[in-house]
Amino acid sequence: MTIRILTGITTTGTPHLGNYAGAIRPAIVASRDPNADSFYFLADYHALIKCDDPARIQRSRLEIAATWLACGLDTDKATFYRQSDIPEIPELCWLLTCVTAKGLLNRAHAYKAAVDKNLEAGEDPDAGVTMGLYSYPVLMAADILMFNAHKVPVGRDQIQHVEMARDIGQRFNHLFGNGKELFVLPEAVIEEEVATLPGLDGRKMSKSYDNTIPLFGSSKQLKDAIARIVTDSRAPGEPKDPDNSHLYTLYQAFASAEQLAEFRADLLAGLAWGEAKQRLYQLLENELGEARERYNALIARPADLEDILLAGAAKARRIATPFLCELREAVGLRSFREQVQVAGVEKKKAAKSARFVSFRDDDGSFRFRLLDAAGEQLLLSRAFADGRSAGLVSKRLQSGEALDVREQGEGFSVWLDGEVVADSPAFADAAARDAAIARLREALTSGE
């Protein structure tokens, strides 16, 4: 089963080594899972909530996009785009805002923290609180629900926002689904073993502490930063305590088991801190050197980065655009050109033309096909052990129940209860596939 996973990337700073070990590297590894349909986006609308420096936001977007690509994100396997390049997201945000209870947003942690801080300072409870901060959870819900993500990897401080997205999506389904689950209800995924690296002074690596190691600074900048890592006063030849060494913790995040065992033994045997820092530098240089070259090449060609991100946006919008049309239809934002009565007749005719055909395979299993009005095959079911099971699935599809269509290369598949039940043929290109999906939805959701 393919699981759609969605991750937002904040665009208000320059990535450092802690970002790489804790978020970028594991996410890129996860994107290579053949069972994952990964979506990664630059959350630049969110950045506007806490940053009013246009130059910083623009620079951060450039640096973060270049970083993820330089670190190995494959945009053929993952969908990589800027939030601001998907106009369907702010429109969906408004649709969701109209069904979101104010009481729900009153309970958001960020808003409550701002209110508590104001009250402690004797200020008005809402002093300095913008609607961007207050409505942040609705925009995050739109990011997630737009692409019907099943899993959303987040830190513990973001679990509440994913739960809010579930609540909002469920409310929308109840009001406008008409028996269908328009939105998949997402689940938060907490990575318990995400690496949290110490900075130069031993505290968590953070720009707010000014204790970071730059990810793609020059080789000299990397060496200089490592030289500033705080160590104890034990002289060369004296045994060192690896378990209480920030330098050892950093080495551990990038070393193989064999390298780590050797480094630990040498520290216990009295390795000098200067030599230990040189080893950490060489380890990081080996890991990041080639990626640094790719990063610098990308930064020097911003037009190429723009093309990559726009291609990612086009890929994402092939999902978002027809889905938003479906949502607009659901809430009543329909064209006056289509009279309701005429549309109903036309759908009924189309429904009569589209038909299911059941048959038995040579191996004795049972299957069915769905043919469109022209007799073209839209779906071929998977094999069933008996005719009753095949019939129940085809009836559920005819009812339009929770139609879950997922793109698979130049074709698509239909899912029920978390399993693939039918597949389309391969089409000549994405446009032909999308047209077939539209015909499928028309045939299965027109009430016949």
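Reader: Is Cys-71 buried or exposed?
Author: In this predicted model, Cys-71 has a relative accessible area of 15%. Buried means under 20% relative accessible area, exposed over 50% and partly exposed in between, with a 1.4 Å probe and protein chains only. The value for Cys-71 is therefore in the range called buried.

Reader: Which residues and atoms count here?
Author: Residues are numbered from 1 along each chain as its sequence is written, and side-chain values use heavy atoms, with hydrogens and water left out. Local features need pLDDT of at least 70 and side-chain atom pairs count only at pLDDT 80 or more, while totals for chains, interfaces and linings use all residues.

Reader: How many disulfides does the whole structure have, and which cysteine sulfur is nearest to that of Cys-325?
Author: A disulfide is a pair of cysteine sulfur atoms within 2.5 Å, and the search of the whole structure finds zero. Cys-325 is in no disulfide, and its nearest cysteine sulfur is 18 Å away, in Cys-98.

Reader: How many salt bridges are there?
Author: Side chains of opposite charge can pair when their charged atoms come close. Here a salt bridge is a side-chain nitrogen of Lys or Arg within 4 Å of a carboxyl oxygen of Asp or Glu. Across the whole structure, the number found is 26.

Reader: How many residues apart are Glu-326 and Arg-441?
Author: Their side chains meet in a salt bridge, 3.9 Å from N to O. Glu-326 is in helix 13 (residues 302-331) and Arg-441 in helix 16 (residues 430-444); helices (H or I, at least four residues) and strands (E, at least two) are DSSP runs, numbered from the N terminus. This pair links distant parts of the chain, with a separation in residues of 115.

Reader: Where is the partner of Arg-382 in its salt bridge?
Author: Arg-382 pairs with Asp-423, the closest N and O atoms being 2.5 Å apart. Arg-382 is in the loop between strand 8 (377-381) and helix 15 (387-398). Its partner Asp-423, 41 residues apart from it, is in strand 11 (residues 419-423).

Reader: In the salt bridge of Asp-434 and Arg-433, which residue is buried?
Author: The two side chains meet at 3.3 Å, N to O. Asp-434 is partly exposed because its relative accessible area is 25%. At 4%, the buried one is Arg-433.

Reader: Which helix do the buried residues of helix 9 pack against?
Author: In helix 9 (residues 219-227), the buried residues are Leu-222, Ala-225 and Ile-226. They cover an arc of only 95° around the axis, so they are on the same side of helix 9; the arc is that of the directions from the helix axis to the C-beta atoms. What they pack against is helix 12 (273-299).

Reader: Which residues are exposed on the other side of helix 15?
Author: Ala-390, Val-393, Ser-394 and Leu-397 are buried in helix 15, and they are on the same side because their arc is only 95°. An α-helix has 3.6 residues a turn, so residues three or four places apart point the same way. What covers the buried residues of helix 15 includes strand 6 (355-360) and helix 16. On the other side, the exposed residues are Arg-388 and Lys-395.

Terms used
Contact means heavy atoms within 4.5 Å.
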